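Let's walk through this structure together, one piece at a time. Keep the viewer open and follow along as we go.

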Amino acid sequence: MTPFRVSIVGVVASILLILVVLELVRGRRLKERYALLWLATGGVLLVLSAWRGGLNTIAGWVGVSTYPPAVLFAVATLFILLVLLHYSTVISKLTDENIELAQRVALLEEQVSRLAADESGSTRARSARVDQIAQS
Amino acid sequence: MVPAWNEAGAIGRVVDGVLAFDSTIDVVVVDDASTDDTAGVARARGATVLRLPFNVGIGGAVQTGFKYALAEGYDLALRLDGDGQHDPAELPKLIDPIERGEADLVIGSRFVDQTGTYRPPFARRMGIRVFARLVSLLGGQRVTDTTSGFIALDRVGIELFAREYPHDYPEVEATLVALRSGLRLAQVQVEMRERETGTSSITFVRSLYYIVKVMLALLVASLRRYPRLEGARR
């Protein structure tokens, strides 16, 4: 059986996690799309902590019926792995986009300096022509 | 096209060398956010300089050059290293197969035949050979030098590499990507000189990362599907 105190601590901790995540989203410090996985983590842990019968049943399935809270640890660990893996994909995408941007900047800068050189060249030519006309 | 990172000491000679070989070549130096005056030196010698705002690594830098070639409509792009190890006098060997329309990608290889004098240390020679075998196996064509940065590309090749080019330690994987995309590949024997200044970007400590990363990249690249290129005739 799951000790009562474990359930209480589990419920409190899950609710805290959910509240912190919601507050971060509210304050626009966390984007909704990155909050979803965390909310799912909090939600699943909350259900497993509060629903004592369910936790015991699942513990029986996976062979840890002598200590059902182990299921809570396992599920929490699994979700943390999911979140980290998700972040790795996000970082990879950001890296690609970052390099793409750097390359665009390099190409555009070269274009701008070329255009600027053309521009100043033609301005100089124009003012030379103006001088000629003024002199004649 | 010359990628360079902190090569102020060598880049001038590289640009001069290419222009001395053929002054009608547009030399583009991709400066990968050097902290020395690489960009200034290159510009002073008459090269166009593409300056990256921060260091993106050799692959990202090289690809910048391919993107430039694509945008400016070049039909032929040559890549040589900014440290002076590639001899501009050998450029015709790389250009010829492309001008004859026989290849989309020409690799300047140190090991096409036995005439080359380049004898790398044992470990590096083994590494080069293993990668060459692997790429040959996975790509379905014998490749002798997959780590060479001395290459020529036609329009089809430029399009492919502008779109798809690995970011770090790119040459091995890029060769496989080219083969799997249907590019026609030719190899010509070239000599490579010892570095004039600076240090090679491949230090002993990084070798392990290099090997593991390239192995993974090759594995993944051979599982991936690459669309056959429109212009590729192979």
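Strand β5 of chain B, residues 105-109, pairs with β7(B) in the parallel sense, and five bridges link the two. Within this pairing, B:Gly108 stands opposite B:Val188 of β7(B). Keep in mind as you look that this is a predicted model.

Now widen the view to the sheet around that pair. β5 and β7 belong to an open sheet of four strands in chain B, ordered β4-β6-β5-β7, and its pairing is mixed. At the edges you will find β4 (76-79) and β7 (185-189) of chain B, each of which pairs on one side only. From one strand to the next, the twist averages 15°. A helix also covers part of this sheet: α6 of chain B, residues 155-163, lies across β4, β5 and β6 (151-154) of chain B. Relative to β6(B), α6(B) runs at about 105°.

Chain B has another open sheet to visit, made of three strands in the order β1-β2-β3 with parallel pairing. Here the edge strands are β1 (2-4) and β3 of chain B, each pairing on one side only. The twist in this sheet averages 25° from one strand to the next. Strand β2 of chain B (residues 28-31) runs parallel to β3(B), and four bridges join them. Look for B:Val29, which stands opposite B:Val49 in β3(B). Across β1, β2 and β3 of chain B lies α3(B), at about 145° to β2(B).

Both β3 and α3 turn up again where the chains meet. The contact between the chains draws 14 residues from chain B and eight residues from chain A. On the side of chain B that touches chain A, β3 (48-51) and α3 (57-71) each supply at least two residues. The largest share of that side, six residues, comes from α3(B). By class, the side of chain B that touches chain A has seven nonpolar, five polar and two charged residues.

Let's finish in chain A, with a pair of helices. Two packed helices are described by the angle between their axes and the distance between the axes. Helix α1 (residues 4-26) and helix α2 (residues 32-50) of chain A pack at about 165°, their axes 8 Å apart. α1(A) and α2(A) are therefore roughly antiparallel to each other. The crossing of α1(A) past α2(A) is left-handed. Among the residues making this contact are A:Gly10, A:Ser14 and A:Val21 of α1(A), together with A:Trp38, A:Gly42 and A:Leu46 of α2(A). The contact of α1(A) with α2(A) comprises twelve nonpolar, six polar and one charged residues.

Notes: Residues numbered from 1 in each chain as written. Chains lettered and ligands numbered in written order. Predicted model: local features only at pLDDT ≥ 70, side-chain atom pairs only at ≥ 80, totals over all residues. Contact = placed C-beta atoms within 7 Å. Nonpolar A, V, L, I, M, F, W, Y, C, P; charged D, E, K, R; others polar. Axes fitted to C-alpha atoms, helices over the stretch in contact; angles between N-to-C directions. Parallel < 35°, antiparallel > 145°, perpendicular 65-115°, else oblique. Left-handed = near helix turned anticlockwise from the far one by under 90°. Pairing = 2+ DSSP bridges.
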